[in-house]
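The sequence and structure come first, and the description follows.

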Amino acid sequence: KKMLLSFKVVRSRIFKEKAVGSDVQVPVLELNVKNGTNQAIFKVHFDWELINPSNNESKGERAVVYEFPAGLNPNDSANWKVFPKITDIEISPELKLKINVIRLDDKNGDSIFISNDISKEEEERLKELKTILQIQK
């Protein structure tokens, strides 16, 4: 997990912009990252959520995967935009964006660094599966 923490999200922000070829405003995650690990990273799995600091209310957590086709070498930095597959989220200045890197993959798609934590999405899916299994007994 120590090496996972070496992959740093240096800067992050969320905003809305017009989708290409449309007048619809879509959310955009803009990230600046630095690979502080000792290996090239080809895929980053992370969760993000918007939090209201005044009451710690979360605006929902979403899982996202970003691929670096050529890889991100040790000590290299990158800037990218991620377009989450949601459009119904309200973005306001008082909300803070929280990014949690949960897994890093090599060029073969194998995990090389992974968090022991599971995402809220995975936790919900696990609950669903447990419920289904109980019904089938």
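A residue is called buried when its relative accessible area is under 20%, exposed when over 50%, and partly exposed in between, using a 1.4 Å probe and protein chains only. By that rule, buried residues make up 34% of the 137 residues in the protein chain. The structure is a predicted model, in which local features need pLDDT of at least 70, side-chain atom pairs count only at pLDDT 80 or more, and totals for chains, interfaces and linings use all residues. Numbering starts from 1 along each chain as its sequence is written, and side-chain values use heavy atoms, with hydrogens and water left out.

**Fold and surface**

Helices (H or I, at least four residues) and strands (E, at least two) are DSSP runs numbered from the N terminus. The protein chain has two helices and seven strands, in the order α-β-β-β-β-β-β-β-α along the sequence. Contact means heavy atoms within 4.5 Å. Of the contacts between residues at least 6 apart in sequence, 68% join residues at least 24 apart. The chain exposes about 8900 Å², with 49% of it supplied by carbon and sulfur atoms; the areas come from the Shrake-Rupley method with a 1.4 Å probe, and for residues only the protein chains shown count as cover.

**Nonpolar core**

A nonpolar core is a set of buried Ala, Val, Leu, Ile, Met, Phe, Trp, Tyr and Cys residues joined through side-chain atoms within 4.5 Å. The largest one has 25 residues, of which Phe7, Phe46 and Trp48 touch the most other members. Two or more residues each come from β1 (7-18), β2 (25-35), β3 (41-52), β4, β5 and β6 (96-105). Strand β3 gives the most, with five residues. Leaving aside neighbours within four places in sequence, the contacts of Phe46 include Leu29, Leu31, Tyr66, Trp80 and Ile102.

**Aromatic pairs**

Rings of Phe, Tyr and Trp (its six-membered ring) pair if their centres lie within 6.5 Å; planes under 30 degrees apart count as stacked, over 60 as edge-to-face and the rest as tilted. The whole structure holds three aromatic pairs, and two of them are tabulated here.

| Pair | Centre distance | Plane angle | Type |
|---|---|---|---|
| Tyr66 and Phe68 | 5.2 Å | 75° | edge-to-face |
| Tyr66 and Trp80 | 4.1 Å | 10° | stacked |

Tyr66 lies in strand β4 (residues 57-72) and Trp80 in strand β5 (residues 77-82), so their pair ties together parts 14 residues apart in sequence. Tyr66, Phe68 and Trp80 form one aromatic cluster.
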